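Have a look at it first, and then we'll go through how its pieces sit together.

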Amino acid sequence: VLFLQIVHILNMTSAKIVSFLLHPEESLHSLQNRIEFETEINTGNQELLLETGICLDPRKPASQCVIDGVRGWDSYMVYLFDKSKTVYDGPFASRSLSDCVNYIVQDSKIQLPIPQLRKVWAEAVHYIIGLKEDYSRLFQGQRAAMLSLLRYNANLIKMKNNMVSASQQLKAKLEFFHQSIRLDLERYSDQMAYGISSEKMLKAWKEMEEKASQCAQAEDIGYLDEQIMALHTEIVELQKSPYARRQGEVMESLEQRAIDLYKQLKTRPPDHAYSDSTDMVKIIVQTVQSQDRVLKELFGHLSKLLGCKQKIIDLLPEIEVALNNIKEADNSVMQMQGKRQREIWHLLKIACTQSSSRSLVSSSLEGTASTPAATWSPQTSSGNAASHPLSSLAAPEDGENFADVIQENVNYLELFSSILQEVRQEQSCMMVS
């Protein structure tokens with residue numbers, strides 16, 4: 001018996017406890033099937049929480065419900081919630097009265113012998129203590145729900161911070177992209193008259209600017225931020241609520257009064273005296289009424305907790321979608337920026353090639369002009385005879401210099417033709433891209 005493992009499940013939808021003997025190496029899914037049979041809560045809607053608000057791991061065996069600790073395995077409770085419900089409004093029936101306690105409740109003025117009255121009052125005290133313990137267990141279940149909510153809220157805040165950070169980064173990149181592409185378009189327009197022009201590339205740049213404006217929609221997360229902040233405020237208010245704290249002070253005082261009344265009865269000698277149960281019944285009635293009040297407040301507060309938790313569960317996929325949209329927009333902006341920069345460097349390469357070809361042509365033309373000029377040196381003769389133009393014709397030796405110059409010009413012309421061919425090929429490639 002000492003080695004048996006028993007798990008106690010407190011069904012928060014009905015305020016009833018069901019206990020199960022765990023089989024060796026039983027899976028959590030198997031235990032959930034047994035819970036479904038007892039509580040009629042579908043396994044897909046079952047949420048099993050420990051006192052710390054941690055949800056049971058379906059990958060681990062069912063023995064994770066039993067915690068070895070100083071309190072002993074039999075004092076731990078697992079709290080069962082129905083995920084399909086967010087409003088827990090009962091009805092929640094109190095524990096039933098024993099026959100003898102019900103007898104004095106029906107007629108509190110009935111006279112009973114002191115020995116018999118001791119037994120009845122002892123059961124009455126046990127009943128009152130049980131009512132207080134029932135409330136304590138349910139309050140512990142509410143606290144587990146609060147801790148679970150705070151875990152969900154921490155995850156929500158983490159995702160929200162990631163989303164805000166990604167949105168701010170996207171906004172900064174979009175601002176930089178817009179400023180840089182405007183400057184590129186202005187400079188491109190300035191050089192079109194005397195430089196390089198490509199209508200296809202200009203159209204592509206303008207399409208990039210429009211696409212970047214569409215990407216700006218991904219950074220708009222204001223509606224999600226407002227919902228998260230409102231939900232965070234609601235959770236803080238629930239934490240500050242007096243119903244988030246234990247409300248069993250009245251029941252505890254009634255419990256102490258019942259114990260004191262029983263102790264007074266025990267001191268009376270077991271003679272033939274009789275006495276009624278008016279005072280004890282009054283305490284019983286007050287305890288039941290107090291429990292009804294605090295349970296109504298507890299489950300009202302619990303419903304608000306579960307409502308907030310459901311809001312977080314609904315928000316998480318929306319935040320995930322927003323994060324994915326931001327990442328896609330960010331990647332798109334970076335790809336457009338890289339494509340435009342590659343095109344700019346391609347234009348720069350073409351411009352440099354054209355500049356070098358012009359310098360080669362101009363240098364060849366200068367060499368051609370300077371060589372014949374040297375051959376037309378003025379010829380003077382002795383005396384007053386004027387020089388005749390034909391006298392400056394080249395001598396046979398100068399004919400060899402003319403042949404060299406012509407050959408050099410032919411070489412330059414072939415080089416220039418090859419450079420122009422390369423430039424045309426690069427421009428056609430750029431237009432296709």
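## Helix 3 and helix 4

Let's start with a crossing: helix 3 passes helix 4 in a left-handed way, meaning that the near helix is turned anticlockwise from the far one by less than a right angle (clockwise would be right-handed). Helices here are DSSP runs of H or I with at least four residues, strands are runs of E with at least two, and both are numbered from the N terminus. Axes are lines fitted to C-alpha atoms, for helices over the stretch in contact, and angles run from 0 to 180 degrees between N-to-C directions.

Who touches whom? On the helix 3 side, the contact includes L170, L174, F177 and Y188, and on the helix 4 side M201, L202 and W205 are among the residues involved. Contact means heavy atoms within 4.5 Å. This contact divides into 12 nonpolar, 2 polar and 3 charged residues. Nonpolar covers Ala, Val, Leu, Ile, Met, Phe, Trp, Tyr, Cys and Pro; charged covers Asp, Glu, Lys and Arg; the others, Gly among them, are polar.

## A word on the model

This is a predicted model, where local features need pLDDT of at least 70 and side-chain atom pairs count only at pLDDT 80 or more, while totals for chains, interfaces and linings use all residues. Residues are numbered from 1 along each chain as its sequence is written, and side-chain values use heavy atoms, with hydrogens and water left out.

The pLDDT (the predictor's confidence in each residue, from 0 to 100) averages 81 over the protein, and 81% of the residues score at least 70. Over residues 371–397, though, the pLDDT is below 50, and this stretch has 10 contacts in the model beyond near neighbours in sequence.

Helix 5 (residues 222–240) packs on helix 3 at an angle of about 155°, with the axes 11 Å apart. That makes helix 3 roughly antiparallel to helix 5, and their crossing is left-handed. Among the residues that meet are M146, L149 and L150 in helix 3 and L224, I228 and M229 in helix 5. By class, this contact has 12 nonpolar, 3 polar and 2 charged residues.

Then there's helix 6 (residues 249–267), which packs on helix 3 at about 165° with the axes 10 Å apart. Helix 3 is therefore roughly antiparallel to helix 6, and here too the crossing is left-handed. The contact of helix 3 with helix 6 has 15 nonpolar, no polar and 5 charged residues.

The model has an open sheet of 4 strands in the order 2-1-4-3, with mixed pairing; two strands pair if DSSP finds at least two bridges between them. Strand 2 (16–21) and strand 3 (46–49) are the edges, each pairing on one side only. From one strand to the next, the twist averages 30°.

Strand 1 (residues 6–11) runs parallel to strand 4 (residues 78–82), joined by 3 bridges, and I9 stands opposite V78. Helix 3 packs on this sheet too, touching strand 1, strand 2, strand 3 and strand 4, and its direction makes about 70° with that of strand 4. Strand 1 and strand 2 run antiparallel, with 6 bridges, and N11 stands opposite K16. Their hairpin has 4 residues between the strands, and A15 there takes a positive phi near 60°.

Technical notes
Angles under 35 degrees count as roughly parallel, over 145 as roughly antiparallel, 65 to 115 as roughly perpendicular and the rest as oblique.
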